[in-house]
2 protein chains.
Amino acid sequence: MKDIQLRTLFRETEKYADQEIVVHGWVRTNRGSNKFGFIELNDGTFFKSVQVVYEAEFIDNFEEIAKVPVAAALKVKGDFVLTPNAKQPFEIKAKEVVVEADSASDYPLQKKRHSMEFLREIAHLRPRSNTFSAVFRIRSLVSYAIHKFFQENDFVYVHTPIVTGSDCEGAGEMFRITTLDMDNPPRMENDSIDYSQDFFGKETSLTVSGQLEAETFALAFRNVYTFGPTFRAENSNTARHASEFWMIEPEVAFADLSDNMDLAEAMIKYIIQYVLEHAPEEMEFFNKFMDKGLLDRLTALVNAEFARVTYTEAVELLKKSGKKFEYPVEWGIDLQTEHERYLTEEIYKKPVFVTDYPKEIKAFYMRLNDDNKTVAACDLLVPGVGEIIGGSQREERYDVLKARMDELGLDEKDYWWYMDLRRYGGVKHAGYGLGLERIIMYLTGMGNIRDVLPFPRTPKTAEF
Amino acid sequence: MKDIQLRTLFRETEKYADQEIVVHGWVRTNRGSNKFGFIELNDGTFFKSVQVVYEAEFIDNFEEIAKVPVAAALKVKGDFVLTPNAKQPFEIKAKEVVVEADSASDYPLQKKRHSMEFLREIAHLRPRSNTFSAVFRIRSLVSYAIHKFFQENDFVYVHTPIVTGSDCEGAGEMFRITTLDMDNPPRMENDSIDYSQDFFGKETSLTVSGQLEAETFALAFRNVYTFGPTFRAENSNTARHASEFWMIEPEVAFADLSDNMDLAEAMIKYIIQYVLEHAPEEMEFFNKFMDKGLLDRLTALVNAEFARVTYTEAVELLKKSGKKFEYPVEWGIDLQTEHERYLTEEIYKKPVFVTDYPKEIKAFYMRLNDDNKTVAACDLLVPGVGEIIGGSQREERYDVLKARMDELGLDEKDYWWYMDLRRYGGVKHAGYGLGLERIIMYLTGMGNIRDVLPFPRTPKTAEF
């Protein structure tokens, strides 16, 4: 007899009413008297568990089952009964219960509140808890919603390389990759290390962004996106930074900054709607236990028209606000989280794109505006979090790009292929980066990036 | 006036008949007389180009346009005219042509046959060619089909870590990740390198497989899959091996080897059908120019019931075949590509799962069969390629796993979290790995893995 997964039971309940069924699952709780007992059984396919009622009268191994510990795996055959007047919508009246796998008595995930820190130490078991079951199902759904959004719009998914031979991405500190003998690396005559003998014949690192490579594909396919891991070797221990995280970087040819913001807005709304539709139980849980205003905030966002304001106007608004900030606001500063949150939460009370930042605080590849002072950048700020997306129109003009690189001391030769894009049909194009973990934190109300990554990598931490 | 993408024109042709439209794109060819000319324009959204007819009589800048080189980007406004009697289904009669971006005369991708080796050297431009436009669109569609298949079956997508602190995956040579000063690393009193000062506080490498971590999630969610980059630091220069490639690793709890094969078969068929449906022009191209039997072979595969044979039976069949192999066949050997291809192409003439391999030639985590000699492994062989999937039921019995690890000299302590899975509700489970590049090569007929990776990484090669 083929077993039925709990997701099916919860989604197509009526279909199985009063039928004999078989389910598998792990014990979440087991309580009872000497005549009957109740097991909350969960098979991982659904956020909620099914209640199994077992009675000494109907099963042969009542004694054994009454002692089954939390985390043990069972196979249960029984009658599926709707219970419209009870707390749970249905239960299974067991006729046969088989222990498929026992569990040791020192199982660390007992039915009590554990600290987030403790749960990180058992990252191999925490997805079995309610909170992390919800977090990681939503991580999966968000990822899929992103693919679905871009694929439905005929974007080409491109796998930009993880190993990079250029340290010219300029987005942060990088990790070296090597197969040289660390203890005694080969050296050249002048005693410096001979990287020509390294695996790739030169120094290589882990990528910090796929954008430059994505641009090559955008100028072939028009609409492309990346979705892959990126790395920062920064020794910063904050709740918002990890050394390994996933990023999505769409890039579109024949598009300007305004098209870029339209795309980002449509994507964010699509993701949120998808998750609200496909994980109502999980979202309800987060709204109840993590962040009481979550569902209201997300629904408001889906229905809002995102605001747009230039950096220069935003600085004026912040100065006029009369609000005392820890970091004073002046034209030219990089906006801090306190400024970003004030803009989106207090001034606009909805998501806002800030555009046209001073060129000095932005990357070399962003398109110079006619004022010669600002670049066509756009950051999306959302209530409760601050910056969630950073993007720009790219500098497509060879001479302007070259001049900016000269100013910054970047060598054109290191970027020969990137410069080529400006020589051969280099039309206007634009793109942005979305940190996957940022949007998951936003959607779940989880406060620490370590709790939305399956096995987080941070300074001094690479367990599992 | 909003422009229309070529994909839309080709898919919804009738809708635009006799209308004035605007398109953007890059020039593929430009030929003409002194009165009129023809431009093949492609915007990257579709495999085929649109023909633009421009006449001195109707556009102001005829002289300029007549000289526009290959790869330049244009904006064209004109009338969209169906041409049912011509080679191409429609054309645009230009009224206004604007050069959006010029192209230098040394553009290396001219309308002639280039060698694959040359095209690898211009990996930033090759997606603009027919072959690579088709390859990388199919790569995108295959990736999406995989997500779609698993998500429609309610699998949870899990991002297993890229940085790994354990070198216990045992699937191959690994790359070291470090931020230590290679020239002068910190040392301990005994002069060995002090990795406690490295970024993660210990030695770390790039992952070779996410399977062990995926098992932790399968024992929480029941049905999970990974999809991410994996790495091999092997110095092998073959057409089938890359140092960085993408892998998909589903893992299912309450599943045995037979369930595993059912899943793999359903997935392969789903992927192929999805690509045949969504990229008919590209598949037609490959069938015509790369591999004449391609479409027939793929259609046959979708309709075939995959065969299943044990390793022991397969060895007998190969020995009885009378065929002279380069590597002689004996029970106990690892099957070579020549053996695999003979089995699937000559004996079965369709895909075949070979199961239950000698434990000595398979990984430590595969479930020991009752014969104590073989393990519950399954490799899927397909005509034209050989092995495309490798999988197994996992050893869920603590004592049996421990004994096997002892035999192989693996230390249980290094695998504490993996062993925990066997202590707390460790039911039977199974999974497999699919190399993304393998299935793309199979689908396109491309013969070298370097030509299905956007920016391939191989020994001595990490350009771009």
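Q: How many residue pairs are in polar contact across the interface of chain B and chain A?
A: The count is 41 residue pairs, both partners at pLDDT 80 or more. Keep in mind that this is a predicted model.

Q: Which helix of chain B gives the most to the side that touches chain A?
A: Helix α4 of chain B, residues 130-152. Twelve of its residues are on that side.

Q: And how do the residues on that side of chain B divide into nonpolar, polar and charged?
A: There are 56 nonpolar, 31 polar and 28 charged residues on the side of chain B that touches chain A.

Q: How many residues are in contact on each side?
A: 115 residues of chain B touch 115 residues of chain A.

Q: What area is buried between the two chains?
A: About 9,400 Å². Carbon and sulfur atoms give 62% of that area.

Q: Which three residues of chain B supply more of its buried area than any other three?
A: B:H159, B:M182 and B:Y424. Together they supply 9% of the area that chain B buries against chain A.

Q: How many salt bridges does the rule find across the interface?
A: Ten between chain B and chain A. One example is A:R222 with B:D3. Their closest N and O atoms are 2.7 Å apart.

Q: What about strands, which ones join chain A to chain B?
A: Strand β8 of chain A joins strand β8 of chain B, residues 176-178 in each. Three bridges link them, and the strands run antiparallel.

Q: Which residue is the bridge partner of A:I177 there?
A: B:I177, in β8 of chain B.

Q: Switching to A:K460. Where does it lie?
A: In the segment after α13 of chain A, with α13 spanning 436-444.

Q: What is A:K460 in contact with, leaving aside its neighbours within four places in sequence?
A: A run of chain B residues: B:S196, B:Q197, B:D198, B:F199, B:F200 and B:G201. With B:S196 there is a polar approach: a polar side-chain atom of A:K460 lies 2.9 Å from the backbone oxygen of B:S196.

Q: How far apart are A:K460 and A:L180 in space?
A: 22 Å, C-alpha to C-alpha. In sequence they are 280 residues apart.

Q: Back to α13 of chain A. How many of its residues are buried?
A: Nine of its nine residues, so the helix is mostly covered. The buried set includes charged residues A:E437 and A:R438. A:I439, A:I440 and A:M441 are also among them.

Q: What comes just after that helix?
A: A:G445, with a positive phi of about 80°.

Q: Now B:I146. Where is it found?
A: In helix α4 of chain B.

Q: Buried or exposed?
A: B:I146 counts as buried, because its relative accessibility is 0%.

Q: Which residues is B:I146 in contact with, beyond its neighbours within four places in sequence?
A: B:F227, B:I248, B:I271, B:L434 and B:L436. Take B:I271: its C-alpha is 6.5 Å from that of B:I146, yet the two are 125 residues apart along the chain.

Q: Salt bridges again. How many does the structure hold over all chains?
A: 62. One of them pairs A:R422 with A:E215, at 2.8 Å from N to O. That pair links distant parts of the chain, 207 residues apart. A:R422 sits in helix α12 and A:E215 in helix α5, both of chain A.

Q: Are those two side chains' residues buried or exposed?
A: Both are buried. A:R422 has a relative accessible area of 8%, and A:E215 has 0%.

Q: Which helix holds both A:D406 and A:K402?
A: Helix α11 of chain A, residues 398-408. They are four residues apart, about one turn of the helix.

Q: How accessible are they?
A: A:D406 is partly exposed, at 45% relative accessibility. A:K402 is also partly exposed, at 25%.

Q: Which residues do salt bridges with shared partners join into one network?
A: A:D3, A:D43 and B:R222.

Q: Last one: what does A:D291 meet in a salt bridge?
A: A:R297, at 3.1 Å from N to O. A:R297 is partly exposed, with a relative accessible area of 23%.

Definitions and conventions. Residues numbered from 1 in each chain as written. Chains lettered and ligands numbered in written order. Predicted model: local features only at pLDDT ≥ 70, side-chain atom pairs only at ≥ 80, totals over all residues. Heavy atoms only, no water. Contact = heavy atoms within 4.5 Å. Buried area = accessible area lost by both parts, 1.4 Å probe. Salt bridge = Lys/Arg side-chain N within 4 Å of Asp/Glu carboxyl O. Polar contact = N/O pair within 3.5 Å; in protein donor to acceptor, adjacent residues only side chain to side chain. Helix = DSSP H or I, 4+ residues; strand = E, 2+ residues; numbered from the N terminus. Pairing = 2+ DSSP bridges. Buried < 20%, exposed > 50% of the residue type's maximum accessible area, 1.4 Å probe, protein only.
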